[in-house]
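Here is a brief report on one protein chain. Please look over the model first, then read on.

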Amino acid sequence: MRRLLIGLTFAVFIVLLIIPLGRIFIGAFEDGAGGFLKGLMRPEALHALMMTGLVVLVVTLLNTLFGIMMALYLVRAGWLSERIKGLLNSIVDLPYAVSPVIGGLMIVLMLGPNSIMGAFLKGLDSMWSMPSQVW
């Protein structure tokens with residue numbers, strides 16, 4: 001039974017991770033290394049890489065700042081009740097329990113162009129703005 005479960009685990013790993021990554025790699029180098037570099041140097045790709053780096057930098061700084069503040073509150077705040085400390089600790093642990101993909105899907109469904117909030121915010125282009133990407 002144990003060998004069967006280990007085999008199933010490897011099968012799921014291969015089907016869900018290795019095969020899609022292999023297809024992405026093969027597709028990226030379909031035209032050779034020159035085609036890959038040409039695609040990477042397109043303005044859209046460079047903008048996406050720049051935005052990714054900028055979002056990573058801002059999010060890392062904000063997480064560091066608020067993480068240190070929250071850690072100090074949870075450890076040293078004697079005026080907080082144990083119930084509130086437990087609630088704050090649960091909020092801190094929430095990103096570990098909910099996949100970022102699910103969180104992103106939730107934001108798209110709530111603020112996307114086909115939602116009530118998205119229709120309200122239509123002229124602001126809020127879905128793809130820098131603050132919404134950091135959030």
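## Salt bridges

A salt bridge here is a side-chain nitrogen of Lys or Arg within 4 Å of a carboxyl oxygen of Asp or Glu. The model is predicted. A search of the whole structure turns up one salt bridge. Its partners are the side chains of Arg-42 and Glu-44, at 3.4 Å from N to O. Arg-42 has a relative accessible area of 46%. Arg-42 is therefore partly exposed, as that class runs between the 20% and 50% limits.

## Fold and surface totals

The protein chain has seven helices and zero strands. Read from the N terminus, its elements run α-α-α-α-α-α-α. Buried residues account for 10% of the 135 residues.

Contacts were also sorted by sequence separation. Of those between residues at least 6 apart in sequence, 28% join residues at least 24 apart. The accessible surface of the chain is about 11,500 Å². Carbon and sulfur atoms contribute 75% of that surface.

## A nonpolar patch

Which residues form a nonpolar patch on the surface? The members are Ile-6, Phe-10, Val-12, Phe-13, Ile-14, Val-15, Leu-16, Leu-17, Ile-18, Ile-19, Leu-21 and Ile-24. Together they have about 1,100 Å² of accessible area.

One of these members is Leu-21. Leu-21 sits in helix α1, which spans residues 2-28. Its relative accessibility is 48%. A patch member needs over 30% relative accessible area, so Leu-21 passes that cut-off. Exposed would require over 50%, so Leu-21 counts as partly exposed.

## A buried lysine

Lys-85 belongs to helix α4, residues 82-97. Lys-85 is buried, yet has no salt bridge. Glu-82 holds the nearest side chain of opposite charge, 4.3 Å away. The salt-bridge limit is 4 Å, so Glu-82 does not qualify as a partner.

What is Lys-85 in contact with, leaving aside its neighbours within four places in sequence? Its contacts are Tyr-73, Leu-74, Val-75, Ala-77 and Leu-80.

## Aromatic pairs

The structure holds three aromatic pairs. One is made by Tyr-73 and Trp-79, with ring centres 6.0 Å apart and planes at 90 degrees. Pairing needs centres within 6.5 Å, and edge-to-face needs planes over 60 degrees apart, so this pair counts as edge-to-face. A pair of aromatic rings is described by the distance of the centres and the angle of the planes.

Are the two residues buried or exposed? Tyr-73 is partly exposed, at 44% relative accessible area. Trp-79 reaches 64% relative accessibility and counts as exposed. Elsewhere, Phe-25, Phe-29 and Phe-36 form one aromatic cluster.

Gly-67 is placed in helix α3, residues 43-76. Its relative accessibility is 35%, which makes it partly exposed. Gly-67 and Val-92 are 25 residues apart in sequence. In space, C-alpha to C-alpha, Gly-67 and Val-92 are 8.6 Å apart.

Gly-39 is placed in helix α2, residues 32-40. Gly-39 is also partly exposed, at 26% relative accessibility. Gly-39 and Ala-28 are eleven residues apart in sequence. Their C-alpha atoms are 8.7 Å apart in space.

Note on methods
Residues numbered from 1 in each chain as written. Predicted model: local features only at pLDDT ≥ 70, side-chain atom pairs only at ≥ 80, totals over all residues. Heavy atoms only, no water. Phe/Tyr/Trp six-rings, centres within 6.5 Å; stacked < 30°, edge-to-face > 60°. Buried < 20%, exposed > 50% of the residue type's maximum accessible area, 1.4 Å probe, protein only. Helix = DSSP H or I, 4+ residues; strand = E, 2+ residues; numbered from the N terminus. Contact = heavy atoms within 4.5 Å. Areas by Shrake-Rupley, 256 points an atom, 1.4 Å probe, with all protein chains shown as cover. Patch = residues over 30% accessible without salt bridge, like charges linked within 9 Å, V, L, I, M, F, W, Y side chains within 5 Å. Lys, Arg positive; Asp, Glu negative; His and termini not counted.
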